[in-house]
Amino acid sequence: MKKLLALSAVAALTLSANVFAQEGEAIYNKACHVCHSMGVAGAPKAHDAAAWEPRLAKGLDTLVGSIKSGLNAMPPGGMCTDCTDEDYKKAIEFMSK
């Protein structure tokens, strides 16, 4: 019985982590594409490596900080109400390639 409970707990934790993990493309499609697909208000376009290069030079942590506090026309958090710092990093990595 204890083994069954332990296995159930491990399975639940694994499932929970997988349910909440988001991929960069999914985050982009959910929250970033409206502005970053067309470069609205100066947003760097997705997959425009030259536009992203100077931003990436600042480092991912700095870019995440800009997202969280808002920058220019981008509101704090961008358009993602449930993103973690790791989610933001995945979205940036997806858009910048």
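**Notebook: salt bridges and cysteines**

I looked up lysine 30 to begin with, and it is partly exposed, with a relative accessible area of 41% (buried means under 20% relative accessible area, exposed over 50%, and partly exposed in between, with a 1.4 Å probe and protein chains only). I note that this is a predicted model, in which local features need pLDDT of at least 70, side-chain atom pairs count only at pLDDT 80 or more, and totals for chains, interfaces and linings use all residues. Residues are numbered from 1 along each chain as its sequence is written, and side-chain values use heavy atoms, with hydrogens and water left out.

I then searched the whole structure for salt bridges (a side-chain nitrogen of Lys or Arg within 4 Å of a carboxyl oxygen of Asp or Glu) and found three. In one of them, lysine 30 pairs with aspartate 82, with the closest N and O atoms 2.7 Å apart. Aspartate 82 is itself partly exposed, at 45% relative accessibility. I also found lysine 89 in a salt bridge with aspartate 61, at 2.9 Å between the closest N and O atoms, and aspartate 61 is exposed, at 56%. Aspartate 85 and lysine 68 meet in a salt bridge at 3.0 Å, N to O.

Turning to the cysteines, I counted one disulfide (a pair of cysteine sulfur atoms within 2.5 Å). Cysteine 80 and cysteine 83 form it, with their sulfur atoms 1.9 Å apart, and both of these cysteines are buried. Cysteine 32 is in no disulfide, and the nearest cysteine sulfur, that of cysteine 83, is 6.7 Å away.
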